[in-house]
Amino acid sequence: MSASSLPPLHILSAGAAKGLVGQMKDTFRRLHAYEISGDFGAVGLMREHFMGGAPCDLIILSQKLIDELAADGLLLADSIRPLGVVRTGIAHRAGDPAPLATDAQTLAQTLRTAPEIYFPDPKKATAGIHFAKVLAELGLDESLAPRLRPFPNGATAMRELATHGAQGAIGCTQVTEILYTPGVSLAGTLPARFELATVYAAAIPARAGNAAIASNLIALLTSPDAAQQRRQGGFEPA
């Protein structure tokens with residue numbers, strides 16, 4: 001049976017997990033004869049899609065949002081499984097010198113000298129919301145406004161940095177989205193003062209049409225066999 005003729009398993013997921021899920025698609029298809037049909041993006045947007053009734057057999061969001069939805073009875077509480085911790089990092093174009101961001105002073109200097117700064121939605125994306133707060137705390141939000149390049153999610157921001165970024169341009173988003181994007185490199189995580197470490201978790205909605213198959217995908221994503229893929233993709237043990 002070809003992949004196009006397989007039944008779909010509908011996923012709504014934070015962009016941070018897109019690379020990990022993508023790595024597992026072929027294995028999942030071979031083991032369970034289902035095609036993963038995923039919508040990946042900013043957690044706030046994925047939550048909106050979910051609340052708006054979008055088809056969803058499995059949802060991956062920050063642990064905080066997963067717990068809130070479970071408390072409202074919208075997710076099966078006993079299905080919740082953490083995928084790991086994802087930190088927020090600084091990216092640069094592959095081939096450009098890695099920028100320094102080891103403390104508040106070097107981060108501020110790096111931001112001031114960057115010709116462009118790419119990052120995800122400052123209203124709906126976990127990393128984007130946080131990065132906007134970092135800029136405000138450093139007192140750079142207004143002066144850098146002409147050079148800021150926000151995009152709907154981190155994956156898009158990193159692709160744009162890779163393909164259209166000026167020499168010396170940088171970005172800020174979840175480490176997972178940096179590591180999975182060709183053409184960009186991870187300079188390092190945000191300095192300790194501004195660190196953001198987000199736990200992401202998977203769960204099955206109470207309205208899921210295919211809970212059993214969704215449970216199989218959660219088991220695959222969180223299995224010991226997938227530990228190396230999680231680490232390589234930027235997920236640290238929760």
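**Figure 1. Helix α5 and the glycine that follows.** In this predicted model, helix α5 is followed by G139, whose phi is positive, near 70 degrees. The helix comprises the 12 residues 126–137; at 1.5 Å a residue these should span 16 Å, and the end C-alpha atoms, 17 Å apart, agree with that expectation. Buried positions in α5 are T126, A127, G128, H130, F131, V134 and L135.

**Figure 2. The two aromatic pairs of the structure.** Y118 and F151 form a stacked pair, with 5.9 Å centre to centre and 5 degrees between the planes. This pair links distant parts of the chain, since Y118 belongs to strand β5 (residues 117–120) and F151 to strand β6 (residues 148–151), 33 residues apart. Y118 is buried, with a relative accessible area of 4%, whereas F151 is partly exposed at 22%. In the pair of F119 and F131, the ring centres are 5.2 Å apart and the planes stand at 55 degrees, so the pair is tilted. F119 in strand β5 and F131 in helix α5 are 12 residues apart, and their pairing also links distant parts of the chain. Both F119 and F131 are buried.

**Figure 3. Arginine over an aromatic ring.** R207 lies over the face of F50, at 4.3 Å from the ring centre.

Figure 4. Beyond residues up to four places away in sequence, T176 touches A16, V86, G233, G234 and F235.

**Figure 5. T27 in helix α1.** T27 lies within residues 18–32 of the helix and is partly exposed, with a relative accessible area of 25%. T27 and S185 are 158 residues apart in sequence and 27 Å apart in space, C-alpha to C-alpha.

Technical notes. Residues numbered from 1 in each chain as written. Predicted model: local features only at pLDDT ≥ 70, side-chain atom pairs only at ≥ 80, totals over all residues. Heavy atoms only, no water. Helix = DSSP H or I, 4+ residues; strand = E, 2+ residues; numbered from the N terminus. Expected span 1.5 Å × (residues − 1). Buried < 20%, exposed > 50% of the residue type's maximum accessible area, 1.4 Å probe, protein only. Contact = heavy atoms within 4.5 Å. Phe/Tyr/Trp six-rings, centres within 6.5 Å; stacked < 30°, edge-to-face > 60°. Lys NZ or Arg CZ within 6 Å of the ring centre and 35° of its normal.
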